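Subject: Structure for your review

Dear colleague,

Please find below the sequence and structure that I am handing over to you. My notes on what was found follow directly after.

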Amino acid sequence: MHKLYFLCIIALVKLLELIPSCTSRLSTPPPLPVLPIPTASQLKWQQREIIMFFHFGMNTFTDSERGTGHENPNLFNPTRLDTRQWVKTAAEAGVSLVILTAKHHDGFCLWPSDYTNHSVVSSPWKNGHGDVVADLVNATQDHGGVDVGLYLSPWDRHDRRYGKNDEYNEFYLAQLQELLKRYGIIQEIWFDGAKGEDAPNMTYYFEDWFGMVKEMQSSINIFSDAGPDVRWVGNEQGFAGNTSWSTINRTLLSIGNPDIVGYLNSGDPLGTDWVPPECDVSIRPGWFWHAYERPKDLSQLLEIYYNSVGRNCVLLFNVPPNSTGLISETDIQRLTEFKKAIDTTFSTDLAEKTSVSASSQRGGENGGFGPENVLDDDNLWTYWAPNETWGRHWIELKAISGGMRFNVVRIQEPIGMGQRIVRHEVYADGKMIVEGTTVGYKRLYRLGEVVKADVVKVRILESRGLPLVSSIGLHFDPFGLSNGTSVQKGVV
C-alpha cells in the first residue's frame, strides 16, 4: 500500500514538472497594430513596386500632349497595333499591372462607348470595329500575371455636356459603368483634376464616382489626389519626399488643389487614413509618343527608382506606344537595361551571410519575433519585434567571414501592422552612414561611396508604438554612385 502511494506521488511530481515546459512552448502573440493599416488590395498594390502607364490615343497621332477635342477621328489609325507586345514588354520589365488611358482630355474613347461617337467606332482602324481596351484586357489574360487598370479623364474637351454639372456627371458615370461592367476585373482606376484655365466651370461629383466604382468592383484601388486608396505623390518627376508616410488625413485633401502637393509628398505621421503614394513619371520627356523624343538615360531611371520605390512608393512608369501601335524598340531596350540593373543590384544580399543580433526580442528567444526574421523572404508577416520594456532598440548584422562591401542599404517594415518608424540611423563599424526618418514598405539608401565593414547596426531612435522591422539588406550597385557625403540624410 505504501509502495503504491509512493509511486503515485512520484508520478504526480513528474506530471507537475511537465506543466511549465508545456506552457513555455505556447506562442507569443504579435503586438497590436498601429492604425491605420492597409487593406488587402493596398498590400497587393504595394508589393508590385513598379507598374506601367500606357498613354495612347488621339494625341499619339497629332504630335500633341493635350488635344483640343476637335480632332477628326479619321486620324486614329494604328496599323500595327499589338497589345500583346505591350503586355510582353511590361512583363519582361517585371511589371504586373498596366494602366491604359481609355479616354484622355480630348475626349476620344479607345473603346466603342454607347454614349458618344467620338471613339474608335468613327475611326478607320479595323473599319470602326476595333476596341483597344478589349484588346489589352485579352492580351493580359492570354499572357497571365499582368493585371489591368484604366484612366478615364474627367476633363473632356469634346463632349458638349461638359460644364453642365448634372448632365456631364451622368455621362461620366455612364462611361465608368461601361468600363467596369464590360471588361472584367480592373485593379486600379485613375482620376485626376487636370483641366485648362480656359475650361468651363465644372464640378466633378467625385464621391458619387468613388461610391459607384466600389459598388461595382469592391477590390479595386482608386487613385486620385485625395485617394481614397492611392494618392498622387504631388509631382510628375517620380520623386517622393525624404519623409514618406503612407498615412494622411483625407479630410485635408481635395482633387486638383495645388496647395496640398507638399502634404501629398510627405504624408502625415498622425494621419487617420492609409492612402499610400504613387509616383507617376514618363520614360520620355512627354507623356505621349513623339518621334523626336528619346527615353531617359539609365542613370535617370535608376535615380527615379531609388527616390520612389526606395521611399515607400509604387513607381508608375509611363511607356507610350507609338503611332503604329507598338512600343518603340528604343524604349524596350532602355527598360531591358533598367530591369537588368535592378536585378544585378538586388539579386545578391550580403546580409544573408551575416549573424544577426538585437537589443531585445519580444517573447524571448523562442517567441517567434527574433532578429533572424529580417533575413528571411517574407517582408510582410515575419519580423523582428523588440521587447516593449526595453527603450533603446537596435539590430546588428555581423559578417560571418571577411568584411562586407556595399553601397545600398535596404530596410523594410511589416506595413500590415502599420507604419511605425519615425527616425533611425545606420552605422558601419561604429561610423554613422545613414541618418533617416521614415521607412515604410521599403527604404533604400544609395550611399555616396562604397562602404567596407564587418558590422552594420540599425538603430531605431523614434517610432509610433513598438518598432518592427521585416527585412534588412546590404547590396552593391555597380551602375554609378550618387554624389553625396559619407553620411546619407535620407537622400540617394
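Rings of Phe, Tyr and Trp, the last by its six-membered ring, are taken to pair if their centres lie within 6.5 Å; planes under 30 degrees apart count as stacked, over 60 as edge-to-face and the rest as tilted. By that criterion, the structure holds 29 aromatic pairs.

The model is predicted, so local features need pLDDT of at least 70 and side-chain atom pairs count only at pLDDT 80 or more, while totals for chains, interfaces and linings use all residues. Residues are numbered from 1 along each chain as its sequence is written, and side-chain values use heavy atoms, with hydrogens and water left out.

Aromatic pairs

One of the 29 aromatic pairs joins Phe 76 and Trp 125, whose ring centres are 5.9 Å apart with the planes at 85°, so this pair is edge-to-face. Phe 76 belongs to the loop between α3 (58-62) and α4 (83-92), and Trp 125 to the loop between β2 and α5 (132-143), so the pair ties together parts that are 49 residues apart in sequence. Helices (H or I, at least four residues) and strands (E, at least two) are DSSP runs, numbered from the N terminus. Phe 76 is buried, at a relative accessible area of 0%, and Trp 125 is buried at 5%. Buried here means under 20% relative accessible area, exposed over 50%, and partly exposed in between (1.4 Å probe, protein chains only).

Trp 190 and Phe 223 form a stacked pair, with 3.9 Å centre to centre and 10° between the planes. This pair links distant parts of the chain, since Trp 190 is in strand β4 (residues 188-190) and Phe 223 in strand β5 (residues 221-224), 33 residues apart. Trp 190 counts as buried at 5% relative accessibility, as does Phe 223 at 1%.

One aromatic cluster is formed by Tyr 162, Tyr 168, Phe 171, Tyr 172, Phe 191, Tyr 204, Phe 206, Trp 209 and Phe 210.

Charges over rings

The charged end of Lys 195 sits over the ring of Tyr 204, at 5.4 Å from its centre. The criterion is that NZ of Lys or CZ of Arg is within 6 Å of the ring centre and within 35 degrees of the ring normal. Arg 459 likewise lies over the face of Tyr 427, 5.4 Å from the ring centre.

Strand β1

Five of the five residues of strand β1 (residues 50-54) are buried, so this strand is largely enclosed by the rest of the structure. In a regular strand the side chains alternate between the two faces of the sheet. In β1, Ile 50, Met 52 and Phe 54 are buried on one side, and Ile 51 and Phe 53 are buried on the other.

Two strands pair if DSSP finds at least two bridges between them. Four bridges join β1 to the parallel strand β10 (residues 314-318), where Leu 316 stands opposite Ile 51. Three bridges pair β1 with strand β2 (residues 97-103), also in the parallel sense, and there Phe 53 stands opposite Ile 99.

Two buried residues

His 105, in the loop between β2 and α5, is buried at 6% relative accessible area. Beyond its neighbours within four places in sequence, His 105 is in contact with residues including Arg 66, Asp 156, Arg 157 and Asp 192. Contact means heavy atoms within 4.5 Å.

Ser 282 is placed in strand β9 (residues 277-282) and is buried at 3%. With neighbours within four places in sequence left aside, Ser 282 is in contact with Trp 287, Lys 296 and Asn 318.

With kind regards
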